[in-house]
Amino acid sequence: MTTTIVIAGKGGTGKTSISALLVQILAKKGVVLAIDADPAINLNQALGVEAGSTVGRIREDMTRDIQAGTLSPSISKHEYLEGQIRAALVESKGFDLLAIGRPEGPGCYCAANNMLRMSIDKLGRNYRYVVIDSEAGMEHISRQTTRDVDILVIVSDPTQRSIRTAAAIKGLIGEMRTRVGQIALVVNRSPEGLPPEIARAAESHGFGSPLTIGQDPNLAGLEIKGRPTTELPAESPLRLGVAELVAKLGL
C-alpha cells in the first residue's frame with residue numbers, strides 16, 4: 001500500500017530541506033517517489049541528483065501536438081502521457097524524482113491536467129511512499145496534482161503570519177481533497193524551543209502540539225558549498241527533527 005505525504009507551508013520555512021531528509025529516511029524503509037511540485041525546482045539539489053524533464057513541459061508539448069494534429073493516432077493520450085512521465089523520472093538509490101515544473105501557460109490545460117492526475121496517481125501506486133514537496137502557499141493544493149493525501153505536513157516558522165498560513169492551508173486542503181489522513185504542524189527554525197505565543201496560536205487553529213525543530217547551524221555551510229541537504233551530519237538538529245517526525249507519524 002502506498003502512503004502519500006504532502007509537505008506544504010509558507011515560502012522560506014524549510015519545506016524542501018525537510019522533504020529531502022524525509023525522502024532519504026523513508027528510502028531505507030521502501031522505494032519512494034519524490035515529487036517536486038515547486039516551480040523553482042530545488043528538490044533535486046537538496047537530494048543531490050540531477051534535474052530531469054518536467055511534467056509542465058510534457059503537458060505543454062502534448063497539448064501543442066494535439067492542437068497541431070501531430071500526435072500519432074496509434075497511441076492513446078493516456079499511454080503517451082504515462083510514457084513521457086516515466087521517461088522524465090530521475091532514478092536514484094531508494095527513490096525516483098519527478099519534477100512538476102512551472103504552472104500552466106496561456107490556454108486551457110484542463111483535459112491535460114486531468115490526465116496528469118490520473119497518470120501520477122497510477123505511477124504512485126508502484127511505490128511504498130510518495131513524498132510531494134509542494135510550492136509555497138496553496139496553489140499546488142488548489143490544482144490538486146494528486147487526489148488523496150494520507151499525511152499532510154505543514155511547515156511553519158515561529159511567526160504568527162506563518163501559523164496563519166498553515167491554518168489556511170489546513171482549511172483549503174480539507175475542502176479540496178477527497179480524503180485526508182493525518183495533519184501535522186512542524187515549527188521549523190525555532191531558536192529556543194516553541195514560543196508560548198506560537199504554541200497558543202497553533203492550538204487555537206486546532207493543530208494541537210506541533211513538532212519543533214531548532215535552527216540548524218550545519219545547513220548554511222552546505223548551501224554555500226552547493227552540497228545536498230542529505231549530507232547533514234547525524235547529529236544535525238534538522239535531521240534529528242525529521243527523524244522524530246517520521247516516528248511521530250508512525251512511518
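View 1. A pocket here is an open set of points on a 1 Å grid over the protein atoms alone, where a 1.4 Å probe fits and protein sits on both sides within 12 Å along at least five of seven lines; lining residues have an atom within 4 Å of a point. This is a predicted model, where local features need pLDDT of at least 70 and side-chain atom pairs pLDDT 80 or more, while totals for chains, interfaces and linings use all residues. Numbering runs from 1 along each chain as its sequence is written, and side-chain values use heavy atoms, with hydrogens and water left out.

Look for Thr16, Ser17, Asn42, Gln45, Ala46, Glu223, Gly226, Arg227, Pro228 and Thr229 around the pocket. They split into 2 nonpolar, 6 polar and 2 charged (Ala, Val, Leu, Ile, Met, Phe, Trp, Tyr, Cys and Pro are nonpolar, Asp, Glu, Lys and Arg charged, the others, Gly among them, polar).

**View 2. The largest nonpolar core.** Of its 36 residues, Ile5, Leu26, Leu47 and Val153 touch the most other members. Such a core is a set of buried Ala, Val, Leu, Ile, Met, Phe, Trp, Tyr and Cys residues joined through side-chain atoms within 4.5 Å. Helix 1 (residues 15–26) gives this core its largest share, 7 residues. A second, separate core has 35 residues, including Leu89, Ile154, Ala167 and Ala202.

View 3. Ala34 sits in strand 2 (residues 32–37) and counts as buried because its relative accessibility is 0%; buried means under 20% relative accessible area, exposed over 50%, partly exposed in between (1.4 Å probe, protein chains only). Leaving aside neighbours within four places in sequence, Ala34 is in contact (heavy atoms within 4.5 Å) with Val23, Leu43, Leu47, Asp96, Leu97, Leu98 and Val131.

**View 4. Confidence along the chain.** Mean pLDDT, the predictor's confidence in each residue from 0 to 100, is 85 for the protein chain. Among its elements, helix 6 (residues 139–143) has the lowest mean (53) and helix 1 the highest (97).

Terms used: Helix = DSSP H or I, 4+ residues; strand = E, 2+ residues; numbered from the N terminus.
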